Amino acid sequence: MSKKLNKLTVFEILSIVSGMQFGDQILIDPTPSDVPGLYREALISRASWYEIDLGAMRHNYRQLRAHLAPAVKIFACLKRNAYGCGAGPVARALAAEGADGFAVAALPDAIAIRRAGVETPILLYPGPLPASAETIEALHLTVTVSSIDELKQWRAVMGATRIFVKVDLGFHRAGATPKAVGEILAAAHAYDDVEIHGLYAHLSELPASSPAQESDQISRLERILQEADASGTRPPVAMMASTAGVLRWPAMDFDAVDPGALFVGLSETDQGVRSVMLRPALKAICASLVSIKQVDASLGPAPDLPGFRQGMTIGVLGMGWGDGIPRHLAAGTPALVRGQRARLIPPVHLEHLRIDLTEIPDARFGDQVLLLGRQGDKAITHDEVAACWDTDLIGLYAQLRDHVPRVYV
Ligand SMILES: *Cc1c(COP(=O)(O)O)cnc(C)c1O
């Protein structure tokens, strides 16, 4: 049972916020009476926060599960702190839905998942090194092996080594070549202290040099599995489908799938073979007005930048590029204050960002401002924010910062 955030002292909250584990401390399924407390504490600790909709993530999980044969496992990819949504709470929510395991690329994400009390298998994609063996063993993590050298180095520092062998089917990134993989499987089999839990690949996201690229990659994996079968070294789990693959290529299901973006609501493709109705995990980006003033001539001339003018009312939000807002924000990027749309005024500073409040005379110090989300009957959509931030939807999640508190709704 996690500690209820609304019972922590401000000192405790600040120490949590400055560390990585803020999300871990928040109650997962707050009863309605807890919610104001969570907001209050987020407000005390930081005056800005993200609202993460775990219900949407669970919904997205179920959308995927409904398309897969019951025997196909789901290893939810929660890299980069579950795409900024908090690896611990997200893992706990998806484990409750029945997720078979998780995959991450960095140890802190695996630590957050274990600290959240989740005991399902966790696969480490390439990233962690044998220097971290003690932590990896203590947390019962599975490492990736893409070469004989990697296998030997891991074995040298671990008691029992749990591995997934990674194969590169044409992405030209990490993973053994299809030609080399048989030798690695054979070497791993020869060691009593090595447990081969699976074999996986990541579909190439590079521009295709031939239209048959995806089916070629599936064929390469099928051939590898046939040869492994023939030599008695086929691992129990073969896996290659991330979000794009699992929605477009049912033949990629094999024994398990490891999508990530799908759970935060990004399908990457609208016309998948498998149709899903995904909901966004990021529900709101919230900041607060930390200063307001009416500009007058005693300040000298107004800066010669779009949005500035003499006599205007300027508000300042306690959020800036240090909190993930792009330094070069589009002029006219909207925000919601007191249920009305207002314009943010670039440039963005490390901790502060201006907003034009001239048309909202009742705005006050401390008011909540939404950079994304819904206030009354007004909304700022993900697409709108992504366009103003000059990125795409996954780019929006890439901008989320771990030190900004996440309130789970
Ligand atoms: C990132 C990653 C995934 C998940 O990709 P999405 O596009 O987010 O679904 C799956 N497998 C591997 C090996 C990855 O690196």
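1. R341 is partly exposed, with a relative accessible area of 39%. Here buried means under 20% relative accessible area, exposed means over 50%, and partly exposed lies in between, using a 1.4 Å probe and protein chains only. R341 forms a salt bridge with E384. A salt bridge is a side-chain nitrogen of Lys or Arg within 4 Å of a carboxyl oxygen of Asp or Glu. The closest N and O atoms of this pair are 2.2 Å apart. The pair links distant parts of the chain, with R341 in strand β13 and E384 in helix α13 (residues 382-388), 43 residues apart. Helices (H or I, at least four residues) and strands (E, at least two) are DSSP runs, numbered from the N terminus. E384 also counts as partly exposed, at 24% relative accessibility.

2. A word on the model. This is a predicted model, in which local features need pLDDT of at least 70 and side-chain atom pairs count only at pLDDT 80 or more, while totals for chains, interfaces and linings use all residues. Residues are numbered from 1 along each chain as its sequence is written, and side-chain values use heavy atoms, with hydrogens and water left out.

3. How many salt bridges does a search of the whole structure find? The search finds twelve. Side chains of opposite charge can pair when their charged atoms come close. One of the twelve joins R309 and D356. Their closest N and O atoms are 2.9 Å apart. R309 lies in the loop between β10 (282-294) and β11 (313-317), and D356 lies in strand β14 (residues 353-356), so the pair ties together parts that are 47 residues apart in sequence. R309 is partly exposed, at 36% relative accessible area. D356 is buried, at 14%.

4. D367 and R338 form another salt bridge, with the closest N and O atoms 2.6 Å apart. D367 sits in the loop between β14 and β15 (368-375), and R338 in the loop between β12 (334-337) and β13 (340-345), so this pair ties together parts that are 29 residues apart in sequence. R338 is partly exposed, with 40%.

5. Now the ligand. It has 15 residues around it, and K79, Y83, T243, D258 and G260 come nearest. A residue is near a molecule if one of its heavy atoms lies within 4 Å of it. A polar side-chain atom of T243 lies 2.5 Å from an oxygen atom of the ligand. An N or O atom in the side chain of D258 is 2.9 Å from a ligand nitrogen. For H202, the distance from a side-chain N or O atom to a nitrogen atom of the ligand is 3.4 Å.

6. How much of the ligand does the protein bury? Taken alone, the ligand exposes 380 Å², and the protein buries 94% of that. These accessible areas come from the Shrake-Rupley method with a 1.4 Å probe.

7. Helix α5 (residues 87-97) is mostly covered. Eight of its eleven residues are buried. Among them are A87, P89, V90, L94 and E97. Helix α5 is followed by G98, whose phi is positive, near 110°.

8. R80 has a phi of about 50°. R80 is found in helix α4 (residues 79-83) and is partly exposed, with a relative accessible area of 38%. D390 has a phi near 55°. D390 is in the loop between α13 and α14 (393-398) and is exposed, with a relative accessible area of 69%.

9. Check the peptide bond between P346 and P347. It is cis, with omega about 5°. P347 is in the loop between β13 and β14.

10. Finally, look at G373 in strand β15. G373 is buried, with a relative accessible area of 7%. G373 and K283 are 90 residues apart along the chain, and their C-alpha atoms are separated by 5.9 Å.

Technical notes: A polar contact is a pair of N or O atoms within 3.5 Å; within protein, one must be able to donate a hydrogen and the other to accept it, and residues adjacent in sequence count only if both atoms are side-chain atoms.
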